[in-house]
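Dear colleague,

Please find the structure below, together with its sequence.

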Amino acid sequence: MKMKKSKLVIGLYIIAGLLGIVTIYMLISSIAYLNSYVQAYGVSITDLGEDAFSYIMSNSASYLIYGILVFAAAKILDEVRMLRCRVECCGCASEECDEAVEQEADAAEPAVSVCTEIAVSNAGKVPPIYTSKSFIRY
C-alpha cells in the first residue's frame, strides 16, 4: 500500500527538474558564447583557460546547487512524511509495520486495519524517551 505524495513534495520535484533544465541550458549557452568569442577575437580556448571555466561555472553552478538542494528538501520531506505516517498509523517506525500494511493490502477482505489494531494497543503506552546514551522505552 503506497502513500500518495503530497503536493508540496511533487512541486519541489518539479522545481528541481526545472532547475536541472536551466542548468543544462546555461551550460550550453555559456559554451556557445565562449565559442563565438573565440571565433570573433581569434584567441584559442587554451588562452582563456581558467577564465572560460570560471565563466561557465559562474553561469550554471548556482542553478545546479539550487536544484540539488530543492531535490534534497523534497526527499527529506517525503521521508519525514512517510515516517510520521508510520508512527501515527502503526505506532512504530520499523519495517515490520510496513510488512503488516502490505499484507493487509494484499488481503482479500481487510475487516479491521492492522495499523488501527496496533495503534489501539499502543494507545496507553508512554512514548519513547531519547537520551544521549540509549533509547529507553517504558
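Predicted model: local features only at pLDDT ≥ 70, side-chain atom pairs only at ≥ 80, totals over all residues.

How many aromatic pairs does the count come to? The count comes to four aromatic pairs, where rings of Phe, Tyr and Trp (its six-membered ring) pair if their centres lie within 6.5 Å, with planes under 30 degrees apart called stacked, over 60 edge-to-face and the rest tilted.

Residues are numbered from 1 along each chain as its sequence is written, and side-chain values use heavy atoms, with hydrogens and water left out.

Overall architecture

The protein chain contains five helices and two strands, and from the N terminus on their order is α-α-α-α-α-β-β. These elements are DSSP runs numbered from the N terminus (helices: H or I, at least four residues; strands: E, at least two). The protein chain has 138 residues, of which 20% count as buried; buried means under 20% relative accessible area, exposed over 50% and partly exposed in between (1.4 Å probe, protein chains only). Among contacts (heavy atoms within 4.5 Å) between residues at least 6 apart in sequence, 60% join residues at least 24 apart. The protein chain exposes about 10,500 Å², and carbon and sulfur atoms supply 64% of this area. Accessible areas come from the Shrake-Rupley method with a 1.4 Å probe; for residues, only the protein chains shown count as cover.

The tyrosine cluster

Tyr-33 and Tyr-37 are separated by about one helical turn because they are four residues apart in helix H1 (residues 7–41). Tyr-33 is partly exposed, at 43% relative accessibility, and Tyr-37 is likewise partly exposed, at 31%. Tyr-33 also forms a tilted pair with Tyr-55, at 5.4 Å centre to centre and 40 degrees between the planes. This pair links distant parts of the chain, since Tyr-33 is in helix H1 and Tyr-55 is in helix H3 (residues 50–90), 22 residues apart. Tyr-55 is partly exposed, with a relative accessible area of 30%. One aromatic cluster is formed by Tyr-33, Tyr-37, Tyr-41 and Tyr-55.

Ser-30, also found in helix H1, counts as buried at 1% relative accessibility. Leaving aside neighbours within four places in sequence, Ser-30 is in contact with Tyr-55, Ile-56 and Asn-59.

The salt bridge

A search of the whole structure finds one salt bridge, defined as a side-chain nitrogen of Lys or Arg within 4 Å of a carboxyl oxygen of Asp or Glu. Asp-78 forms this bridge with Lys-5, and the closest N and O atoms are 2.7 Å apart. Here too distant parts of the chain are linked: Asp-78 is in helix H3 and Lys-5 in the segment before H1, 73 residues apart. Asp-78 is buried, with a relative accessible area of 7%, whereas Lys-5 is partly exposed at 43%.

A nonpolar patch

Ile-10, Ile-14, Leu-18 and Ile-21 make a nonpolar surface patch of about 380 Å². Patches are made of residues with over 30% relative accessible area and no salt bridge, like charges being joined within 9 Å and nonpolar side chains (Val, Leu, Ile, Met, Phe, Trp, Tyr) within 5 Å. Ile-10 lies in helix H1 and is partly exposed, with a relative accessible area of 40%.

Yours sincerely
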